[in-house]
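Here are my notes after going through the model you sent.

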Amino acid sequence: MSDQNYPTAPLSRRLAALAYDALVLIALYIMLGGLLVTAVSKIIGSPEFVRLSPAMSMSVMFTICFLYYSHSWRRGGQTIGMKAWGLKLLNDNSDNNKNNNGTGIQLSQCMLRTGVGFFSLLFVGLGFWWMLFDKQQRSWHDIASLTRMVYIPKNMK
């Protein structure tokens, strides 16, 4: 069965995968944030660890999120959370442009998806809840990045 024929992923599975991925991202943030603080402290010669400003912390977190998601999506269309919940990210072939020829996710799509997904969460998850009202069950980041999240049941793999 072609990946394009799988049903659109329900909101409950998307949120569960997001929760799994949040655990991975927290671990990455602790490790990489610790390395960054240590490196900055050594560079400026401070005997104590420096504190990152809230803006710097958010920038580091967003960068880690972008790198984690884009690497996972471009490598196989799935993050760790998406694998656990049977989800996969695909190009949306409903438009007939040259980027949607069945190839993997493009970096530009990852950038749009991560950026719009960030704002979807900021607005109380409205970008996710949007899929309940969209006829094609797309979230804001699906629409913006021309991608589609599908559910692949275990008996159909």
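1. Disulfides first: there are 0 of them in the structure, taking a disulfide as a pair of cysteine sulfur atoms within 2.5 Å. As for the cysteines, Cys65 is buried at 16% relative accessible area, and Cys110 is buried at 0%. Buried here means under 20% relative accessible area, exposed means over 50%, and partly exposed is in between, with a 1.4 Å probe and protein chains only.

2. A word on the ground rules. This is a predicted model, so local features need pLDDT of at least 70 and side-chain atom pairs count only at pLDDT 80 or more, while totals for chains, interfaces and linings use all residues. Residues are numbered from 1 along each chain as its sequence is written, and side-chain values use heavy atoms, with hydrogens and water left out.

3. Now helix H4, residues 107–122. Helices (H or I, at least four residues) and strands (E, at least two) are DSSP runs, numbered from the N terminus. H4 has 16 residues and spans 23 Å from first C-alpha to last, close to the 22 Å expected at 1.5 Å a residue; that expectation is 1.5 Å times one less than the number of residues.

4. Which residues of H4 are buried? They are Gln109, Cys110, Arg113, Thr114, Gly115, Gly117 and Ser120. The cover over them includes helix H2 (54–76), strand S1 (87–91), H5, H6 and S2.

5. Arg113 is worth a click. It is on that buried list, and its charged end sits over the ring of Trp73, 5.3 Å from the ring centre. The criterion is NZ of Lys or CZ of Arg within 6 Å of the ring centre and within 35 degrees of the ring normal.

6. Val116 is also in H4, but it counts as partly exposed, with a relative accessible area of 22%. What does Val116 touch, not counting residues up to four places away in sequence? Trp140, His141 and Ala144, where contact means heavy atoms within 4.5 Å.

7. On to the aromatics: a search of the whole structure turns up 6 aromatic pairs. Rings of Phe, Tyr and Trp (its six-membered ring) pair if their centres lie within 6.5 Å; planes under 30 degrees apart are stacked, over 60 edge-to-face, and the rest tilted. Trp130 and Trp140 have ring centres 6.4 Å apart and planes at 50°, so this pair is tilted. It links distant parts of the chain, 10 residues apart, with Trp130 in the loop between H5 and H6 and Trp140 in helix H6. Trp130 is partly exposed at 37% relative accessibility, and Trp140 is partly exposed at 26%. Separately, Phe62, Phe118 and Phe119 form one aromatic cluster.

8. Last, two backbone spots to look at. At 71% relative accessibility, Val124 counts as exposed. Leu146 also has a positive phi, near 55°, and is likewise a residue other than glycine. It lies in the loop between helix H6 (140–145) and strand S2 (147–151), and is partly exposed with a relative accessible area of 30%.
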